[in-house]
Amino acid sequence: VTADAWVTLEHVRFGTLRVPEGEVLHFGGLPGFPGADRFALLRHDRASPFLWLVSLDDPQLCFAVADPRQFFPAYAPVLSAAHLASVQARDERDLELYAIATLRTEGATLNLAAPLLVHAERRRGAQVVLESGDWPLREPLPAPRPPDAARAPAAQIESKPHR
Amino acid sequence: VLVLTRRPGESLRLGEDVRVTVLSVAGGQVRLGIEAPASVSVLREEVFERVVQANREAAAAPQAFTRAAGDGAGEEP
C-alpha cells in the first residue's frame, strides 16, 4: 500500500475515517442495501467482541458485527459452493466469519441465519443466506446489555450454552 | 413483467445456464425444478425479505442504541 492509497470518509458516527485502500472490503451490496459495496471493518476496542462494519459508500450506514463463535461455539454453518464463490474463496479456511448484531437497549441479537463471510486476502465480503434454516435470524445474546457484554471477560459471555 | 404460460414438464431458460422446469401443479401449488450452476444462489423470496428486514433493523439500531444508552460504544475506533 502506497502512502497516498487511502480512502477518506466523513462518517456521521465515527467522524473522519481514513482507511488504507488495501483494507477496503467489497461486498457488492447487502440484502436491503444493494448499493453498499465498499466497507471497512473497524475494531474500536480490543476487549470487545464487537467490530464495526462501516460503509464507505453511505456515511449513514454501519453494522455492529461479531464472530458468532465467540458466543455460540457450536455455530458451524454449512456453506455451499455458491457461498464460497461469492467471496472468491476455495476453502472455508480462507474465510473470516461474522454475524450482524442488532443492538437494542432491551438486549442484543445476532443474525445467525445470514452470516457475513470475509476473504481478507481477496478483499471480498458477502452476506450469505443459509439454506438449512437451522440458525435463527435473531438469536439473543447471552449478556443482558451489549456494553456490559463488550467489557465482560469472554468466559462470562459464553456462560449460557447454545440450543 | 414478462408473463409466460408453461405446462408441467415445460421449462424456462434464464440466460444460458439456468433452467426452471414446472414439475407439477396441484392444489394451488407449483413445484419447480431449478438447474443452475453451483455459483448461483437460489432463495425463496420471503427468506430473502426477512434478511432485508433484519439488516434494516440492525443498521438503524446502533444509532438508536447509542442515543438511548449514552455509552461509549460509538467512540472513534
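This dialogue reads selected features of a predicted model.

Me: Which conventions and thresholds apply to this predicted model?

Reply: Residues are numbered from 1 along each chain as its sequence is written, while chains are lettered from A and ligands numbered from 1 in the order in which they are written. In this predicted model local features need pLDDT of at least 70, side-chain atom pairs count only at pLDDT 80 or more, and totals for chains, interfaces and linings use all residues; side-chain values use heavy atoms, with hydrogens and water left out.

Me: How many helices and strands does chain A have?

Reply: Helices (H or I, at least four residues) and strands (E, at least two) are DSSP runs, numbered from the N terminus. Chain A has three helices and 11 strands, in the sequence order β-β-β-β-β-β-α-β-β-β-β-β-α-α.

Me: What percentage of the residues in chain A is buried?

Reply: Buried denotes under 20% relative accessible area, exposed over 50%, and partly exposed in between (1.4 Å probe, protein chains only). Of the 163 residues in chain A, 53% are buried.

Me: How is a pair of aromatic rings described?

Reply: The description uses the distance of the centres and the angle of the planes. Rings of Phe, Tyr and Trp (its six-membered ring) pair if their centres lie within 6.5 Å; planes under 30 degrees apart count as stacked, over 60 as edge-to-face and the rest as tilted. A search of the whole structure finds five aromatic pairs over all chains. One of them is the edge-to-face pair of A:Phe33 and A:Phe63, at 5.8 Å centre to centre with 80° between the planes.

Me: Which parts of chain A does the pair of A:Phe33 and A:Phe63 tie together?

Reply: A:Phe33 lies in the loop between β3 (25-26) and β4 (38-42) of chain A and A:Phe63 in strand β6 (residues 62-66) of chain A, so the pair ties together parts that are 30 residues apart in sequence. Both A:Phe33 and A:Phe63 are buried.

Me: What geometry does the pair of A:Tyr75 and A:Trp135 have?

Reply: The rings of A:Tyr75 and A:Trp135 are edge-to-face, 4.7 Å centre to centre and with 80° between the planes. A:Tyr75 lies in the loop between β6 and α1 (81-86) of chain A and A:Trp135 in the loop between β10 (124-127) and β11 (139-140) of chain A, so this pair ties together parts that are 60 residues apart in sequence. A:Tyr75 is buried at 2% relative accessible area, and A:Trp135 is buried at 14%.

Me: Which residues do ring pairs link into a cluster?

Reply: The cluster consists of A:Phe50, A:Phe71 and A:Phe72, linked by ring pairs.
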